[in-house]
Amino acid sequence: MRNQSGSSGLLTTLVGRDDELRTLARHAEAARAGQAGLVMLHGPAGMGKTSLLRAFTTGAACRGMTVLHGTCRETDAGAGYSGVRELLGGLGLGRGDAHRSPLLDGLAARALPALTADPVGHATAAYPVLHGLYWLAARLMAEQPLVLVLDDVHWCDERSLTWIDFLLRRAEELPLLVVLARRSEAEPLAPAVLADLASQRCPTVLRLRPLDRDHVGEMVRRVFRATAAPTFVARVTAVSGGNPLTLARLLDELRAEGVSPDADGERRAAEVGSHVLAGSVRSLLERRPPWVRDVARASAVLGEECTELVAALAGVPAGTVEEALHVLRRAGIVAGDRIDFVHDVVRAAVLDDIAPADLAELRTNAALLLSDAGRPSEELAGQLMLLPVLDQPWMAGVLRDAAAQAEGRGAPEAGVRCLYRVLEMTPDDVAVRIRMARALAESNPPEAIRLLQEALSLAGDVRTRAQVAVQYGFTCLAVQESPSGVRVLEEVLTELSTAVGPEPGPADRELRTLVESVLLIVGTDEKATIGAVRDRAARLTVPPGDTPAQRQMLAMTTVLTAMDGRDARATVDQARRALRVPGVELEPWSLLSASFALTLADEIADAQYALDLMLQYGQANAAVWTYVLGLSTRALFHHGVGAFPDALADAQTAMEIIGEERWGDTAVLPRVALATALVDRGEPERAEQVLDGIKRGRLERFVIEYHWYLAARAFARWARGDLQGALDLFLACGRSLEESRISNPAFLPWWAEGAVLLTLLGSPGKARELAASGSELAERWGTNSSLGLARMARGVAAPGSTGIGHLTEAVALLGDSPARATEARAELFLGHAHLKADDPRAAREHLRAAAGLAQRCGALTLGDSARKLLVAAGGRVRRMTTSPLDMLTGMERTVADLAVTGASNRAIAESLFVTVRTIETHLTSVYRKLGVGGRTELSTVLATRNPSGRKPPAWVSQARGRD
């Protein structure tokens, strides 16, 4: 006898999956204990993955856990973050008052573009949205363990899968379980992301196998309430292939015909089995009135939609839809609790019976109805993307709008997918290619390059080519092919200058300045192009910086002027102008450029101001690469001015952040900064290990990173006693800088270090020659730091009183500079020179000064050398006063400093782009090392130390009181 729904209920029955349920339960238990896990569930259509997931999420294994369960759909696959909205939609955060939810406090608010149905405003970068979603999940996990279950991930969009990967990378020791289910035979929408997720996150893979004969027999007994003949069970097992969905439809069909599970039933099972699924659905609809079939088709196209829209698409009254759904529910086709099919395979069977042209018309009408209902363009695009041909002009507009919505929520891949369909309609559209390339510049730069090359060949107007060239140049930086970008920019700039003439209008002048500024940026990246770019910059008139393009040009010409090393005062004036454009928010590139130039000119207050602004920008925009670059640069800045503990703190923080990023292995500056700091802590072996971790290919091509790398490697070799190896590296650095036409003596003063090493290796003549050449550059640049370095190099290389005279001048000059650690070295060399001249009293005076300066700088190796020489000079080594803070690592110092400002653990973690658990671990270590019981006592310990006297950045003040 059939039940009320017209089916046996087998579609919701779970048989033969006990092992899989136990595996899922074990992972849930591990998640409760703080062991994050990923389970990937595979199986053919109808194999029971949805029933298994339902049984798991509603069972005892997930009791006391937050369970978020979603299903990806074919019509939503093109929308950005559609999978995320399926998972998190039940939280109600996509509604108008979502910003009031405590779940979206702090940086979690950046998740909102991914959660809303119709994002508004300008385009959102992808990383801030991912970061916001991570913190949203972290807030949920703070309340209780979290289970994320996403079904049919073969239809999941790239950005949602990227977020899951992003979350799992940061989920170590967090109470999280992610379960992803997909059809094994279906081609994923985002195969590369899904494959990478599977390979990198080491998931437990559950492959659902067909039911065996015993389990099939159990299902037969449940349907027929009788013992079945073994031959009948064998037949239905063979016919269904052990597929639970096929088996359920087959058994329902046989029971509806009054067949018994015996030998006669076996023969009928063989006959019915040939069309068990698609055939049974078709046969069922044929036996119903036409309006039932029309409603079924409309529902299959629209998915879970309101009755009114289904009625409009089916061309029937709304009341008829309800009646048709009732009929379909009784037949076991539509689910009992919603306007949706019991299984997607059933939906596919309904659509398979429609002629392709009719199905295309139905989807087109569905898109128009959704438009009339005011739905977001991404929903309309979900229908249009399934059409084989786009042949109506309005469709391109819908897809463009959908792409903009995807970009607005930080899902560039979804937008690009829509724009590829637009190109089918307008194959010569240059603007679309530029837009696609801009969206792909970070996620798929090689494809962006290809699109821009096509755009360059299609663009007939030089102004359009100029816009393409700008994007092409920046994208060449991403793929590390700057020479190609320079070539294109130079060609376009020549064409543009000819077209606009000597007196261009404001718009053309701004465009030309923009192209020129990008040419300087791109050309400065590699040694092969920097020479020609510097020649071009020398011929340009420095702009006032009144427009965005002029501001960019001003910042870049400042850097190139500084590299030339001719006029420090002019460089400072220009850099300050770049920083102080009234009413203009400076971008990171301009801030970094200005800071670089100001550091070389000894203007450390303004340089640090620019770096702090850059870091605040990274915090405010969750721009992690910008933040890491700023931290790494500030670490090198701190090292240069002798604030070694601060340098170590910034470098370790940067390294901790990149450890969770995909691009971490290719990052150069964080490793260089950390290695540089480690050498001065007496850890050269570890410094070399850090440098060995750099995976950037052909590093020797690059102008800035390569030379910093060489210097860091040289200092590590020196500290390990390999003087010749260190000298070779410094000389290689000098040759490479000369090749790059960088002659500023303050940027990696290889010549001064080379002179010291040559002297130590017994070649004072060569040392004096090298020191003399560096002194000429220092005199031209004219800063106290560079002049002091020059005197120090000449003093080390010169014998007797001549050397002492140079070193005495070096100490005086460096004392008036910001270079405290270099001053300590000069004092050390001067004390050593006096000791060799048999003047122990003078030696002791300078060696004590060297030891004191070294201690204040945190230069452990330098201080140890000074104290040893002081003993040799007959001096008494004072007991070193050590602070408990010296026991802290750099990252622990950073966390401790932020903790005493009042920022919560969560706010600190958000600001440093790491997990709350990471902050908790560091604070626990801080408390243990300092012997304090909490933040109040910590504040007392830290109150004695504030070397900079600066107020905490604005973002720290804003973070206080959160959570």
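The charged end of Arg696 sits 4.9 Å from the centre of the Phe702 ring, over that ring. A charge counts as sitting over a ring if NZ of Lys or CZ of Arg is within 6 Å of the ring centre and within 35 degrees of the ring normal. Arg170 is placed over the face of Phe166 too, at 3.5 Å from the ring centre.

The model is predicted, so local features need pLDDT of at least 70 and side-chain atom pairs count only at pLDDT 80 or more, while totals for chains, interfaces and linings use all residues. Residues are numbered from 1 along each chain as its sequence is written, and side-chain values use heavy atoms, with hydrogens and water left out.

Rings of Phe, Tyr and Trp (its six-membered ring) pair if their centres lie within 6.5 Å; planes under 30 degrees apart are stacked, over 60 edge-to-face, and the rest tilted. Phe596 and Phe747 make an edge-to-face pair, because their ring centres are 5.6 Å apart and their planes stand at 70 degrees. This pair links distant parts of the chain, 151 residues apart: Phe596 is in helix 29 (residues 588–600), and Phe747 is in the loop between helix 36 (723–739) and helix 37 (750–760). Helices here are DSSP runs (H or I, at least four residues), numbered from the N terminus.

Phe747 also forms an edge-to-face pair with Trp708, at 5.6 Å centre to centre and 75 degrees between the planes. Phe596 is buried at 17% relative accessible area, and Phe747 is buried at 4%, where buried means under 20% (1.4 Å probe, protein chains only). Trp708 is buried as well.

Methods: Helices (H or I, at least four residues) and strands (E, at least two) are DSSP runs, numbered from the N terminus. Buried means under 20% relative accessible area, exposed over 50%, partly exposed in between (1.4 Å probe, protein chains only).
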